[in-house]
Amino acid sequence: NPLGIAKNYLAILGKKLAEGNQVAGELEIIREELDRIPRIVYGLTESEKTVGTADKRCDINSLVRDLAVVAESAIPPGKHIGVTTRISQDLPIIHTDPSRFRQLLLNLLLNALEASPDGGEIGIEAYTSIDHRGETQVMSTVRDAGPGIAVERLKCLFEPQASDKAGQHAGLGLAIVKTLAIELDMTVAC
């Protein structure tokens with residue numbers, strides 16, 4: 001119900017603003033993120049791996065461009081962090097759940113934003129690489145200009161653990177990334 005009310009007021013606000021207004025893009029991002037919340041909650045209640053993931057198609061280049069805009073809008077006021085993208089135009093469409101893959105990358109981007117100092121930069125890339133078997137694989141990386149992770153934390157990086165961050169951080173972000181990667185039959189590494 002609260003999401004429905006928020007979406008209704010968002011629609012009203014959109015109608016009050018003239019089409020083509022420069023905030024129209026931001027309103028669309030808000031609407032898309034509100035639409036994702038029920039899907040995320042539903043996904044948390046599923047006990048099995050998503051059925052039919054191989055039937056879903058994901059355009060990584062489009063996803064990376066969209067997430068760069070979301071990351072820019074998530075930069076805290078007064079903090080100056082650059083957001084860069086590097087994508088290969090010839091990336092194949094991959095067969096995965098776009099919503100869950102988006103959540104995985106978004107968690108990494110938000111962590112990168114929190115780790116980056118004022119004046120720093122985060123980047124998201126998508127490209128192809130050849131694995132140890134000689135097969136082409138699609139790679140996506142997120143990087144930041146933060147201080148790095150203590151060596152003793154690296155061995156349990158993707159496990160739930162107490163957060164070093166201030167505020168309301170439960171230390172679950174990277175554990176969720178790992179869970180999503182497993183569900184999507186992907187590999188995540190640092």
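Reply: A residue is called buried under 20% relative accessible area, exposed over 50%, and partly exposed in between. The model discussed here is predicted.

Me: By that rule, is R133 buried or exposed, and at what relative accessibility?
Reply: R133 is found in the loop between β4 and β5 (136-143). The cut-off for exposed is over 50%. R133 therefore counts as exposed, its relative accessibility being 56%.

Me: With which residue does R133 form a salt bridge?
Reply: A salt bridge requires a side-chain nitrogen of Lys or Arg within 4 Å of a carboxyl oxygen of Asp or Glu. For R133, the closest N and O atoms of the pair are 2.7 Å apart. The two side chains also make a polar contact at 2.7 Å. The partner of R133 is D131.

Me: K56 and D97 meet in a salt bridge; how many residues apart in sequence are the parts that the pair ties together?
Reply: The side chains of K56 and D97 meet at 3.5 Å, N to O. K56 lies in the loop between α2 (24-45) and β1 (57-58), while D97 lies in the loop between β3 (94-95) and α4 (98-115). The pair therefore ties together parts of the chain whose separation in sequence is 41 residues.

Me: Which residues are linked with K56 and D97 in a network of salt bridges?
Reply: K56 and D97 are themselves joined by a salt bridge. Both belong to a network of salt bridges, which also links R100 and E183.

Me: Which residue pairs with E125 in a salt bridge, and in which strand does that partner lie?
Reply: The side chain of E125 meets that of R86 at 3.3 Å, N to O. The pair links distant parts of the chain, 39 residues apart, with E125 in strand β4 (residues 121-130) and R86 in strand β2 (residues 82-87). E125 is buried, with a relative accessible area of 15%.

Me: Which backbone oxygen lies 2.9 Å from a polar atom of the side chain of N61?
Reply: N61 lies in helix α3 (residues 60-73) and counts as buried, at 5% relative accessibility. Leaving aside neighbours within four places in sequence, N61 is in contact with I87, S88, Q89, L91 and A126. The backbone oxygen at 2.9 Å is that of S88.

Me: How many disulfides does the structure hold?
Reply: A disulfide is a covalent bond between the sulfur atoms of two cysteines. C58 counts as buried, at 2% relative accessibility, and C156 as partly exposed, at 21%. The number of disulfides in the structure is zero.

Me: What accessible area do I149, V151 and L154 have together?
Reply: V151 is found in helix α5 (residues 151-154) and counts as exposed, at 65% relative accessibility. I149, V151 and L154 form a nonpolar patch on the surface. Together their accessible area is about 270 Å².

Me: Which helix is included in what covers the buried residues of α6?
Reply: In α6, the buried residues include L174, A175, V177, L180 and A181. An α-helix has 3.6 residues a turn, so residues three or four places apart point the same way. The cover over the buried residues of α6 includes α4.

Me: What is the phi of D185?
Reply: D185 is found in the segment after α6 (173-183). At 66% relative accessibility, D185 counts as exposed. D185 is a residue other than glycine, yet its phi is positive, near 60°.

Technical notes
Residues numbered from 1 in each chain as written. Predicted model: local features only at pLDDT ≥ 70, side-chain atom pairs only at ≥ 80, totals over all residues. Heavy atoms only, no water. Helix = DSSP H or I, 4+ residues; strand = E, 2+ residues; numbered from the N terminus. Buried < 20%, exposed > 50% of the residue type's maximum accessible area, 1.4 Å probe, protein only. Patch = residues over 30% accessible without salt bridge, like charges linked within 9 Å, V, L, I, M, F, W, Y side chains within 5 Å. Areas by Shrake-Rupley, 256 points an atom, 1.4 Å probe, with all protein chains shown as cover. Disulfide = S-S within 2.5 Å. Polar contact = N/O pair within 3.5 Å; in protein donor to acceptor, adjacent residues only side chain to side chain. Contact = heavy atoms within 4.5 Å.
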